[in-house]
Amino acid sequence: MAENSNVAPASKPGWKDGMIFRLLKMGMKRQGKYYALGVVAMIAVASMSALTAWSMQAIVDTMTDPGNRGRVAAVSLMVIAIFAIKGFATYVQSVSMARAGNGIVAQQQRRVYDRLLKQGVDFFNLTESSDLLMRVTHGANAARGLIDLIVTSMVRDLLTLIGLVAVMFYQQPVLSIASIILAPLIFVGIRLILGFVRAIMSQQMAGMAEILKVLQETSTGIRVIKIFSLEKVMNARMEKAVGEVEKRANSMVRLEAITSPMMETLSGMAIAGVVWLSAVNITGGEPTTAGQLMSFVTALLMAYEPAKRLSRMRVSLEGLKMGASMLFELVDRDLTIRESRDAKELKLTEGAVRFEDVSFAYGSGEKAVSGLNLEFQGGKTTALVGESGAGKSTIINLLMRFYDPTSGRVLFDGTDIAGVTFDSLRSQMSFVGQDTFLFSSSVMENIRCSRPEASDEEVMEAARAAHAHEFIEKMPQGYQTPVGENGTFLSGGQRQRLAIARAFLRRARVLLLDEATSALDSVSEGFVKEGLARVSEGATTIVIAHRLSTILEADRIYVLGQGQVLEYGTAAELLARNGAFRRLYDQQFGGVERAERLPE
Ligand code: ADP
């Protein structure tokens, strides 16, 4: 099993072998009822298959002696019964196995999504979304297929094969021994072919992942694609991926289909052999009846299917295991950030936030911030300024506990946030960023997501406060207007006002604003600024802004450079100091003569 090298590296050594047991255990626990029913039905199907072959003797012998009416009737009834029972059992088997399988798919998808939601932001930065899609959809189906395969092979195919071989031996022991000696030869051929099949399958999976990726990048990056005329490049990428998959699919079909002519020829030879052997009566014992021979040939031919499935079971198993392990690997991946075991509820009084000697590095990279001591006073506005890469966003990330500091502590009213529940921490916070993510639902639902229990009136009130009500009312269906995938129907300013409305509705104590007024025209900016001023009233507000004009009135400004605090104070204090802030200020306002912009 260790030769399966196409799987992403496992988080724990040896887990893959235990995977099947884990999966079976999980499956049986939830879907045991259906699997049990399926197994009973399979036993019936297997028995009826063997009986079919066995009854050929009676059928043929009765046909050659049609005078015996009683026997004709009995045999006919028996045949009807066998086929009816087999049909019914097959139905029960299909339905119960499908139900159990669908249950497994749903269970696995729930489980993996649950786990994904628990993952930290870092996990999503490092994992491609097309990879996630592939793992969740394909992986869950593979998990289902795996259980299906194991149950079906172990029960139906194995029992059917045993039953049929028993019939063969019962009817023609000598011929049976001869065929069983021949059988391995056939299987060697099949195995050889299946070796190729396996290699192709893993390449095909990679191709399918690429198709998903191209599609996804097309959907999210369509603007960039159009602006830079990348259609040809994208087309070429898709063409390549699709072509690869097509080519592999064709080779696969050829390889799979080649077993048919091989088997057909062999079957013909088997029947001819039997005919010939019966004619010469090689065993020299009692002459065999036509019925016995027919029964034997039927059993032999019927044994081919289950034998084929059993022989390729291991190969099919490998393919499915590869798929299912992609899913398990996702579930087993360590959480990039976790709640402490005895996490407490965070209760805020003042809403003051402090960084105590905080250092942090992303992954194994250089420190993004180091030795930070920051004080964000409760109810006041604090601004973070500094050049790009200075560490401003990192501070916000640490505040929201998307990451844990490498050293030092982040305190909310004196409580280290490492020891509080995510829920209680984040419910105190609200965030308005430069890029507002919108769900593809109505405007109403998009605002409400910050406080799901809010009434329609409360949502509208928040929208009014954020200066969003006016434009929402003008939309075709007002608050019920769909915003399109990630808000494509809205302008930048409108999206930001929706974000501000969300923040209003949340009534959080700590408000984080990330360049919320960048890239807006002056009318929108006026609205957005006014909305922001209202929403930050009484909240501990932390603003990142490149445009100094938006933060000149802040109660305190931290000037950051290369992950450290260069200076801090009010705008007036900092300007007087003639340091880093002064330089930034002069850059933006074009010199000392514009210092009158400063509020008194
Ligand atoms: P700012 O917000 O001031 O522009 P950031 O906090 O985003 O600065 O970045 C600080 C440093 O951390 C930069 O050197 C940046 O390259 C690095 N950085 C930011 N985000 C990541 C990330 N997800 N992974 C690795 N490095 C990052």
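**Notebook: a loop, a ligand shell, a sheet**

I began with Glu 537, which sits in the loop between helix H16 (522-535) and strand E8 (540-544). I kept in mind that this is a predicted model. Is Glu 537 buried or exposed? I found it exposed, since its relative accessibility is 65% and the cut-off for exposed is over 50%.

Next, the ligand. I listed the residues around it: Asn 125, Tyr 362, Ala 368, Glu 387, Ser 388, Gly 389, Ala 390, Gly 391, Lys 392, Ser 393 and Thr 394. Sorted by class, this shell has three nonpolar, six polar and two charged residues. Which helix gives the largest share of the shell? I noted helix H10 (residues 392-399), with three residues.

I checked polar atoms against the oxygen atoms of the ligand. Thr 394 has a polar side-chain atom 2.4 Å from a ligand oxygen. For a polar side-chain atom of Ser 393, the distance to a ligand oxygen is 2.5 Å. Ala 390 takes part through its backbone: an N or O atom there lies 3.1 Å from an oxygen of the ligand. I also looked up the cover. The ligand taken alone exposes 560 Å², and the protein buries 58% of that.

Then the sheet. I traced four strands in an open sheet, ordered E2-E1-E4-E5, with antiparallel pairing. Which strands stand at the edges? They are E2 (367-376) and E5 (415-416). Each has a single partner strand, so one side of each lacks a neighbour in the sheet. Strand E4 (residues 407-412) is joined to E5 by two bridges, and the two run antiparallel. Phe 412 has Thr 415 in E5 as its bridge partner.

Last, backbone angles. Most residues other than glycine have a negative phi. I looked up two residues with a positive one.

- Asp 357 is not a glycine, yet its phi is about 50°. Asp 357 lies in strand E1 (residues 353-361). I noted it as partly exposed, with a relative accessible area of 48%.
- Gln 562 has a positive phi near 50°. I placed Gln 562 in the loop between strand E9 (556-561) and strand E10 (564-569). Its relative accessible area is 73%, so I logged Gln 562 as exposed.

Methods
Residues numbered from 1 in each chain as written. Predicted model: local features only at pLDDT ≥ 70, side-chain atom pairs only at ≥ 80, totals over all residues. Heavy atoms only, no water. Near = heavy atom within 4 Å. Polar contact = N/O pair within 3.5 Å; in protein donor to acceptor, adjacent residues only side chain to side chain. Areas by Shrake-Rupley, 256 points an atom, 1.4 Å probe, with all protein chains shown as cover. Nonpolar A, V, L, I, M, F, W, Y, C, P; charged D, E, K, R; others polar. Pairing = 2+ DSSP bridges. Buried < 20%, exposed > 50% of the residue type's maximum accessible area, 1.4 Å probe, protein only.
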